[in-house]
Amino acid sequence: MRTAAGGQADSGEALLRRMAARRRRDNIVVAVLAVLAVLGGGHAIFSIFSSAAPARATDPTIGVIGHAQLASAFAEEFVVAYLGAAAGQQERIGEYVTGQQITLPATGRQVSDPIVVYLARAISSGNLDVWAVTVSVKVGKGTGAISGARQYFRVAVSVADGLRRALSVPAEVEPPGRNADLALAYSGPCSADTPLAQVASGFLTAFLTGNGDVARYTTLDAGISVLRPTPFTGLETASIMADDSSCGTRGTTARVLANVNPKGDGGATATLAYPLTLVRTEGQWQVRSMDPIPALADPLALIVGNDPGRPAPTTAAATATTTAPSSSVRIPPPTQN
């Protein structure tokens, strides 16, 4: 028998088979939804049925970091290619920059080991960023170049929607200057027999050599375990500096900078420095954390002169007074315009 639509009518047996198959599919869907509800809650279920496109990241920092990485990599490639190019390779340079009047030498220089040493965003407009990138490279053969010496080149790079372009050919510049030293918060050294020195030395010996129990020297919430594999076979404590002038005979919290001289299978190695925070509980000092940076003076201060204890005075200061000038310059707190 034909239906009105022209299709053949289903028999009762076929209809029962389709109903059973539909019921099995429904059971599977219900089971999947139940699992998702347990694992991810209602949001996981809703996301299956939502047809909306995934939301784009709203944090502008993500875009800035991405553009910075693109500009850095492009500048490194460009500097190496440009310095290594020879006459007749203008087309190669055209991959990075156009509209430039350039002259290339008969023989390109040997350029290696590019490193971005400075990066600054000069212009930002919509999805367009312009970056000033300084790249350090090792330069070999070439007029006026010392073999293996590092030279520094600045490149302006535009980045828009992942596309990169140089605004001009590189400019050779001086390397970035050296910053002034920041004053640390440690007030003085601690001798080996003081509580802070004993705990810091014992902890680092256990941490770096496995000789001793790290848990003995750390708080329960420190989460510090011995390095595996242990990198050193022995350890000598070079110095212990602390922001606690009593070195542990008073107080309940102290910040310590421990300089140690490790020894490996091949003998002595370079000195290592470990900023630590120690706390005293029930009369016993323990390491609470290994800090990412040394403790800094508060407010921040810059050390003047080569010797932190005896800064280099200016000629005017030396003639005007016999009083030693201050060894630090305080950095004022930030203000809003």
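Visitor: In this predicted model, which side chain meets that of Glu236 in a salt bridge?

Guide: A salt bridge needs a side-chain nitrogen of Lys or Arg within 4 Å of a carboxyl oxygen of Asp or Glu, and here the N to O distance is 3.2 Å. Glu236 lies in strand β7 and its partner in strand β8, so the pair ties together parts that are 27 residues apart in sequence. The partner of Glu236 is Lys263.

Visitor: Is Lys263 buried, partly exposed or exposed?

Guide: Buried means under 20% relative accessible area and exposed means over 50%, with partly exposed in between. The relative accessible area of Lys263 is 36%, and that of Glu236, which is also partly exposed, is 42%. Because its value falls between the two cut-offs, Lys263 counts as partly exposed.

Visitor: Which residue in β9 is the bridge partner of Gly264?

Guide: Strand β8 pairs in the antiparallel sense with strand β9, residues 267-268, over 2 bridges. A hairpin of 2 residues joins β8 to β9, and the bridge partner of Gly264 is Gly267.

Visitor: Which residue in β10 stands opposite Val256?

Guide: Strand β8 also pairs with strand β10, residues 272-281, in the antiparallel sense and over 8 bridges. In this pairing, the residue opposite Val256 is Leu276.

Visitor: Which element gives the most residues to the largest nonpolar core?

Guide: This core has 29 residues, and those with the most contacts inside it are Phe203, Val256 and Leu278. Several elements each supply at least two residues, including β7, β8, β10 and α5. The element that gives the most, with 9 residues, is α4.

Visitor: How many residues make up the other core that lies apart from it?

Guide: Among the members of this other core are Ala68, Ala75, Tyr96 and Val111. The number of residues in this core is 27.

Visitor: How far apart in space are Ser72 and Val135, C-alpha to C-alpha?

Guide: Ser72 is found in helix α2, residues 60-84, and it is buried, with a relative accessible area of 15%. Leaving aside neighbours within four places in sequence, Ser72 is in contact with Val116, Leu119 and Val133. Although Ser72 and Val135 are 63 residues apart in sequence, their C-alpha to C-alpha distance is 8.4 Å.

Visitor: Which residue meets Arg150 in a salt bridge?

Guide: A search of the whole structure finds 4 salt bridges, and in this one the N to O distance is 2.4 Å. Arg150 lies in strand β3 and its partner in strand β1, so the pair ties together parts that are 37 residues apart in sequence.

Visitor: Is Asp129, which meets Arg121 in a salt bridge, buried or exposed?

Guide: The side chains of Asp129 and Arg121 meet with an N to O distance of 3.6 Å. Arg121 is partly exposed, with a relative accessible area of 40%. For Asp129 the value is 4%, and because buried means under 20%, Asp129 counts as buried.

Notes. Residues numbered from 1 in each chain as written. Predicted model: local features only at pLDDT ≥ 70, side-chain atom pairs only at ≥ 80, totals over all residues. Heavy atoms only, no water. Pairing = 2+ DSSP bridges. Helix = DSSP H or I, 4+ residues; strand = E, 2+ residues; numbered from the N terminus. Core = buried A, V, L, I, M, F, W, Y, C linked by side-chain atoms within 4.5 Å. Buried < 20%, exposed > 50% of the residue type's maximum accessible area, 1.4 Å probe, protein only. Contact = heavy atoms within 4.5 Å.
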